[in-house]
Amino acid sequence: RFNQKKENALKLCSVLTVIHNTNSQSYAIYGHFLYRDKKDKKAEEQYIKSLDINPNNTDVWTHLLFLQTKEKDFVKIQRTSSDALNYFPTDPLYYYYNGIAHYQLKNYKKAIEVFKNGLEFTTEDNIFLPDFYSSLGDIFHKIKEYEKSDSLYELSLSYNFENSVVLNNYSYYLSLRKKNLEKAKEMSKLSNILDPNNGTFQDTYAWVLYQLGKYNEAK
């Protein structure tokens with residue numbers, strides 16, 4: 001019965017886009033229903049049609065970027081977030097997506113530029129602020145500017161000390177350089193407390209313990 005109602009709703013949405021084929025909201029609504037039904041590719045198509053008619057809808061841009069992030073299609077994410085920034089040049093969310101895309105595409109210089117530009121529009125209470133700093137920390141580690149990387153991780157953790165991903169990455173990178181190993185151990189331990197079933201975090205903790213010569217614990 002539920003499945004039948006769902007199919008009927010999708011059919012009605014499809015009809016809506018035919019009758020109101022110049023109304024951006026009809027495509028957006030259809031996209032939302034398809035997204036809820038886990039038809040991501042079709043939802044993406046409807047969101048794009050909606051934005052072609054009206055590109056001034058942040059909700060649709062955000063849904064589209066979320067879908068492309070699920071696909072891990074960073075070329076698409078880079079292009080879509082750049083387009084979104086043309087219409088919303090002060091929205092830190094689109095800088096964040098754009099910076100992540102450039103980072104994943106190994107455009108490190110451009111990624112740094114994008115994140116720094118985004119920080120100009122990111123307030124102290126913005127939930128993305130620690131993510132901007134930690135992402136910059138990742139990039140500076142990649143280009144071997146370790147002091148900058150460490151300071152950015154510290155800055156990120158000063159806003160959210162319970163970010164298990166940042167704790168793991170920072171501790172792992174310290175251990176690779178055999179620097180501040182006791183600090184790395186405490187951060188890695190905390191990341192495992194926060195996310196106890198994460199094999200990647202367990203691996204980091206074992207590696208840090210190994211670097212400290214605590215072989216039995218590491219094993």
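Q: What is the volume of the second largest pocket in this predicted model?
A: The model is predicted. Among the residues closest to the centre of the second largest pocket are Trp-61 and Asp-83. The volume of this second largest pocket is about 200 Å³.

Q: Which helix gives the most residues to the lining of the second largest pocket?
A: The elements that supply two or more residues to this lining are helix H3 (40-53), helix H4 (58-71) and H5. With 5 residues, the one that gives the most is H5.

Q: How many charged residues are in the lining of the second largest pocket?
A: The lining of the second largest pocket is made of 13 residues. They divide into 6 nonpolar and 2 polar residues, and the number of charged ones is 5.

Q: How many residues does H6 give to the lining of the largest pocket?
A: The largest pocket holds about 510 Å³ of space. Its lining has 20 residues, and those closest to the centre include Tyr-96, Ile-100 and Gln-104. Helices H5 (74-87), H6 (92-104), H8 (129-142) and H10 (164-176) each supply at least two residues of the lining. H6 gives the most, and its count is 6.

Q: Are Lys-76 and Glu-44 buried or exposed?
A: The side chains of Lys-76 and Glu-44 meet in a salt bridge, at 3.0 Å from N to O. Lys-76 is in helix H5 and Glu-44 in helix H3, 32 residues apart. Buried means under 20% relative accessible area. Both Lys-76 and Glu-44 are classed as buried.

Q: How many residues apart in sequence are the parts tied together by Lys-179 and Asp-150?
A: Lys-179 forms a salt bridge with Asp-150, with the closest N and O atoms 3.5 Å apart. Lys-179 lies in the loop between H10 and helix H11 (181-194) and Asp-150 lies in helix H9 (residues 146-159), so the distance in sequence between the parts they tie together is 29 residues.

Q: Is Asp-150 buried or exposed?
A: The cut-off for buried is under 20% relative accessible area. Lys-179, at 33%, is partly exposed. Asp-150 has a relative accessible area of 7%, so Asp-150 is buried.

Q: Which residue forms a salt bridge with Glu-154?
A: Glu-154 lies in helix H9 and its partner lies in helix H11, so the pair ties together parts 29 residues apart in sequence. The closest N and O atoms are 3.1 Å apart, and the partner is Lys-183.

Conventions:
Residues are numbered from 1 along each chain as its sequence is written. This is a predicted model: local features need pLDDT of at least 70, side-chain atom pairs count only at pLDDT 80 or more; totals for chains, interfaces and linings use all residues. Side-chain values use heavy atoms; hydrogens and water are left out. On a 1 Å grid over the protein atoms alone, a cavity is a set of points where a 1.4 Å probe fits but cannot get out, and a pocket is an open set with protein on both sides within 12 Å along at least five of seven lines; lining residues have an atom within 4 Å of a point. Grid points are joined across faces, edges and corners, and a volume is the space filled by probe spheres set on the points. Helices (H or I, at least four residues) and strands (E, at least two) are DSSP runs, numbered from the N terminus. Ala, Val, Leu, Ile, Met, Phe, Trp, Tyr, Cys and Pro count as nonpolar, Asp, Glu, Lys and Arg as charged, and the others, Gly among them, as polar. A salt bridge is a side-chain nitrogen of Lys or Arg within 4 Å of a carboxyl oxygen of Asp or Glu. Buried means under 20% relative accessible area, exposed over 50%, partly exposed in between (1.4 Å probe, protein chains only).
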